[in-house]
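Subject: Structure for your review

Dear colleague,

Please find below the structure that I am handing over to you. My notes on what was found in it follow directly after.

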Amino acid sequence: MTASEHDLAEQLNRLLRDVVLMLRRANADQPITSQQLSVLGSLEHGPRRMTELAAEHGVRLPTMTAQINRLERDALIARGRDGADARVVTVRLTGAGRERLAEGRERRIGFLADRFANLTDAEHAAVVEALPALRKLLGPP
């Protein structure tokens, strides 16, 4: 790694932290946390195993279980069993969970759209231009 790559990585790391904190503040008055909203997003395309969710979110299974317990208490997710292995716990979105996810996503998008309105045309174009590189950088290896 070159010094310039290290510096760029450090700057991006700080910027990503700031983005995460900004989006958390945008959702601070919501009934669920940003982390819980993220878990709902992970379930958007169908049921998932608890172990998969924990790995995806970079937490241990007991931590994910606590998140799932809160979401289940609020009727945003439902637990089930894997058809191939009844020992495996799966989790799926409920209708209420899907609605909460859509609301949270729309709130974040609206917040960001308001921020984009403050950019100059050149700054807006620069963000648009950077998106493919960011997808490549932040996507799966």
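**The sheet**

Gly80 stands opposite Thr90 in β3, and Arg49 likewise stands opposite Thr90 in β3. This is a predicted model, in which local features need pLDDT of at least 70 and side-chain atom pairs count only at pLDDT 80 or more, while totals for chains, interfaces and linings use all residues. Residues are numbered from 1 along each chain as its sequence is written, and side-chain values use heavy atoms, with hydrogens and water left out.

The open sheet consists of three strands in the order β1-β3-β2, with antiparallel pairing. β1 (48–49) and β2 (77–81) are at the edges with a single partner strand each, so one side of each has no neighbour in the sheet. Strands and helices are DSSP runs numbered from the N terminus (strands: E, at least two residues; helices: H or I, at least four), and two strands pair if DSSP finds at least two bridges between them. Five bridges join β2 and β3, and two join β1 and β3. The bridge partner of Ile77 in β3 is Leu93.

**The nonpolar core**

The largest nonpolar core has 16 residues, and Leu40, Leu43, Met64, Ile68, Leu71, Ile77 and Val91 have the most contacts inside it. At least two residues of this core come from each of α2 (34–42), α3 (50–57), α4 (61–73) and β3 (89–93). Such a core is a set of buried Ala, Val, Leu, Ile, Met, Phe, Trp, Tyr and Cys residues joined through side-chain atoms within 4.5 Å. Buried means under 20% relative accessible area, exposed over 50%, and partly exposed in between (1.4 Å probe, protein chains only).

Leaving aside neighbours within four places in sequence, Val91 is in contact (heavy atoms within 4.5 Å) with residues including Leu43, Pro47, Ile68 and Ile77.

Gln36 lies in helix α2 and counts as buried because its relative accessibility is 6%. Not counting residues up to four places away in sequence, Gln36 touches Gln67, Arg70 and Leu71.

**The pocket and the cavity**

Grid points are joined across faces, edges and corners, and a volume is the space filled by probe spheres set on the points.

The largest pocket holds about 1,400 Å³ of space. It is lined by 35 residues, of which Leu16, Val19, Val20, Leu23 and Leu112 are the closest to its centre. α1 gives the most to this lining, with nine residues. The lining of the largest pocket divides into 22 nonpolar, seven polar and six charged residues.

There is one cavity of 30 Å³ or more, and the largest cavity has a volume of about 40 Å³. Its lining is made up of Asn27, Gln30, Ile32, Leu37, Arg100, Glu103 and Gly104. Helix α5 (residues 95–116) gives the most to that lining, with three residues.

Yours sincerely

How values were computed:
1 Å grid on protein atoms, 1.4 Å probe; cavity = no way out; pocket = protein on both sides within 12 Å on 5 of 7 lines; lining within 4 Å. Nonpolar A, V, L, I, M, F, W, Y, C, P; charged D, E, K, R; others polar.
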